[in-house]
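Hello,

Here is the structure for you to look over. My notes follow below it.

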Amino acid sequence: MTAVRKISCEEALQHLYEHLDHALNATDAVEMEHHLETCRACFSRIEFEKQLKERLAAIGREQAPETLRRRLRELLRRF
């Protein structure tokens, strides 16, 4: 079994969004997971970013109230 290369917090944070998007290659993903298992600070940061990303995605799925949609349609017709 090959030993997992230890990465620094700086490296982990540089690849934070790639990790959240599941865009890391297999080796980098294993290194990141190992780092997160051993570094509470980076784990907390990534969890925060993960929750923020999920909340922002949920907001994008909410529909505007009908009154706002009507007002926007009215404004668009004027132009």
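Arg5 is partly exposed, with a relative accessible area of 41%. (Buried means under 20% relative accessible area, exposed over 50%, partly exposed in between, with a 1.4 Å probe and protein chains only.) Glu31, at 9%, counts as buried.

This is a predicted model: local features need pLDDT of at least 70, side-chain atom pairs count only at pLDDT 80 or more, and totals for chains, interfaces and linings use all residues. Residues are numbered from 1 along each chain as its sequence is written, and side-chain values use heavy atoms, with hydrogens and water left out.

Arg5 and Glu31 pair through their side chains in a salt bridge, 3.2 Å from N to O. Arg5 sits in the segment before α1 and Glu31 in helix α3, so the pair ties together parts that are 26 residues apart in sequence. A salt bridge here is a side-chain nitrogen of Lys or Arg within 4 Å of a carboxyl oxygen of Asp or Glu. Helices are DSSP runs (H or I, at least four residues), numbered from the N terminus. Glu11 joins Arg5 and Glu31 in a network of salt bridges.

The salt bridge count comes to 7. Another one links Lys53 and Asp21, with the closest N and O atoms 2.1 Å apart. Lys53 is in helix α4 and Asp21 in the loop between α2 and α3, so this pair ties together parts that are 32 residues apart in sequence. Lys53 is partly exposed at 39%. Asp21 is partly exposed too, at 46%. Glu66 and Arg73 also form a salt bridge, at 2.9 Å from N to O.

Now α3. Which of its residues are buried? Glu31, Met32, His35 and Leu36. They cover an arc of only 135° around the axis, taken from the directions from the helix axis to the C-beta atoms, which puts them on the same side of α3. The face turned away carries exposed Ala26, Thr27, Glu37 and Thr38. Asn25 caps the N-terminal end: a side-chain oxygen lies 3.1 Å from the backbone nitrogen of Thr27.

Last, the largest nonpolar core has 10 residues, among them Ile7, Leu20, Met32, Leu36 and Ile46. (Such a core is a set of buried Ala, Val, Leu, Ile, Met, Phe, Trp, Tyr and Cys residues joined through side-chain atoms within 4.5 Å.) Helices α2, α3 and α4 each give two or more residues to this core.

Best wishes

Terms used. A polar contact is a pair of N or O atoms within 3.5 Å; within protein, one must be able to donate a hydrogen and the other to accept it, and residues adjacent in sequence count only if both atoms are side-chain atoms.
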